[in-house]
Amino acid sequence: MQTSSSNSTSNGPRPDWPAIAIWTIATLITATFCCILLDILWHGLGQLSWEFLTTAPANAGRDGGINSILVSTGLILLVCLSVAIPLGVGTAIFLAEFARGNPRFSRWVRRSLDILAGVPSIVFGLFGYAFFVQRLGLGFSILSGGLTLACMVLPILIRAAEEGFRAVPDGYRLGAASLGLSRWGTLRQVLLPSAMPGLVVGLVLGIGRAMAETAALIFTSGYVDRMPGSVWDSGRSLSIHIFDLSMNVPGGEQQAYGSALVLILLLIVINSFASWIAQRYRLGQQGR
Amino acid sequence: MTALDFSTHQKTDRPATAALIQAHDLSLRYGNKTAFAAVDLGIRAGEITAIVGPSGCGKSSFLMCLNRLTDLVPEAEVTGQLRWGDWDLLHPKLDTTCLRRRVGMILQKPNPFPLSIWKNLTFPLAEHGIKRKADQQQRIEQALQEVGLWDEVKDRLKDSALQLSGGQQQRLCLARALVLQPEVLLMDEPCSALDPISSRRVEELVQEMRGRYTVAIVTHNLAQAKRLADRTAVFWNEAGTGHVIEAGPTQQIFDQPHHPLTRDYVSGIQG
């Protein structure tokens, strides 16, 4: 009796160190992110206006807006995704659904993808320059930039999409097979809609990486801040614009902040749009 | 006729004692593990055949051979003979799509597709070339009536099948198999994931199928086998490999088992 009461008074409730450590780390990370965000909002919000979005950059970007930059960014992303999505989803389907009988080959493909996902973007930039710009003769163009980005995004997209397909319960596949349904029909009607959340995660991660990319684009889509006439023209992406304004253009900081804010807003919009599509797809699929 | 024109096969009048599907010296290996070996077993037309035995003795694997679902398992290798009348069900060029249309399957865990109730049923129909709305309508209503689900869902056919209760989902899966108008139904512990009331409901449905379908049902529930089955086969695990130790009329298996293991198993001493 005595020992137990003395024990409890001397020790008291023990502080839960692991929980405190985790909370501290989480708070620090969130705080860092908030600092950056607040800094950009603080400096950038004043720049943001309809005019900023719709006029051409002038005086090396110090004046004017970012309309040509937005168009170039959009086109680069369009080229990137229109190559990466079909190729990525196709590969994911192959790996998750069709390569089961050949585990050694798919393990090999997966390992290559993981290595590719970890390759620094500057290496992709050099590859894009050597292959798309020079070997294929596409020159410094939005096409070269988009294709280089596609190579970069593919590993992330494929692995996430594959996880999406693996998360689909095997009961669906077994059920479909035992009804004698075609693999294509099963894929289209059952597996693809069920794997949609995974696909969207991959897409969001991929778009995030593509939008934030500078190193891979400097050598491929180039620097030119004019309004592109087609995908064969050179074009400057938002991230390159921010990089250039803050590093090479004295007096360009305010515009850089404005552009950074636009980039962040775009990412938020794209993310919410993607999850909205996933949601809709799933509801639509269930309620028809 | 050969295995290749399986689809043209018409229902033939067979003597009642002959098996519709006959396995002879059938073995299944996954890589270097043998699931079951040397199985001789007949599934008789219009009867309910129960397959019982302890876990891991190859009962479900045997069922998967009957509709060639083993094709999906990369390392699975089936040897021996498996015949449906004149047709060799193990023929590498057998049209499995057609086989599986005629051999429906219900799994332990209800697995309706994440689609609406209606689409769960039209999707298999459309895949098998039945695309006319009126035909679909007629078959779906009939199948849902047959499993006693029509009155429960007729006003919400467009709702997700995943909103149904477990028992309703299992009956929907049964209806999904029935819309294709199969001749044989394979059931792999169809009641074991259900609550007692739903379980009894499904059991009653199986009971009502006697004579109209040929049913092979794997079950852990000996009482259920006794209630349901015309014939019972007892699988047993011997040195890591499944074998049929005894098969025959259910009454004989339960009342006068020949094999000592069967005697112990049905009296609850072993297994």
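In this predicted model, helix α1 (residues 59-66) of chain B is largely enclosed by the rest of the structure, because seven of its eight residues are buried, buried meaning under 20% relative accessible area, exposed over 50% and partly exposed in between, with a 1.4 Å probe and protein chains only. Helices here are DSSP runs of H or I with at least four residues, numbered from the N terminus. The buried residues of α1(B) are Lys59(B), Ser61(B), Phe62(B), Leu63(B), Met64(B), Cys65(B) and Leu66(B), and just after this helix Arg68(B) takes a positive phi of about 60°. Residues are numbered from 1 along each chain as its sequence is written, and chains are lettered from A in the order in which they are written. Local features need pLDDT of at least 70, side-chain atom pairs count only at pLDDT 80 or more, and totals for chains, interfaces and linings use all residues, while side-chain values use heavy atoms, with hydrogens and water left out.

Between the two chains, 27 residues of chain B are in contact with 22 residues of chain A, where contact means heavy atoms within 4.5 Å. The area buried between them is about 2,100 Å², of which carbon and sulfur atoms give 64%; this is the accessible area (1.4 Å probe) that two parts lose on being put together, summed over both. On the side of chain B, the most area is lost to chain A by Phe113(B), Pro114(B) and Phe123(B), together 25% of what that side buries.

Within chain A, helix α11 (residues 238-247) is mostly covered, with seven of its ten residues buried, among them Leu238(A), His241(A), Ile242(A) and Leu245(A). Ser259(A) itself belongs to helix α12 (residues 253-286) of chain A and is buried, with a relative accessible area of 0%. A polar atom of the Ser259(A) side chain lies 2.8 Å from the backbone oxygen of Gln255(A).

Elsewhere in chain A, the axes of helix α4 (residues 67-98) and helix α7 (residues 142-166) come within 6 Å and cross at roughly 35°, the axes being lines fitted to C-alpha atoms over the stretch in contact and the angles running from 0 to 180 degrees between N-to-C directions. The residues of this contact divide into 23 nonpolar, five polar and three charged. In the loop between α6 (121-135) and α7 of chain A, Gly137(A) counts as exposed at 52% relative accessibility.

How values were computed: Helix = DSSP H or I, 4+ residues; strand = E, 2+ residues; numbered from the N terminus. Polar contact = N/O pair within 3.5 Å; in protein donor to acceptor, adjacent residues only side chain to side chain. Nonpolar A, V, L, I, M, F, W, Y, C, P; charged D, E, K, R; others polar.
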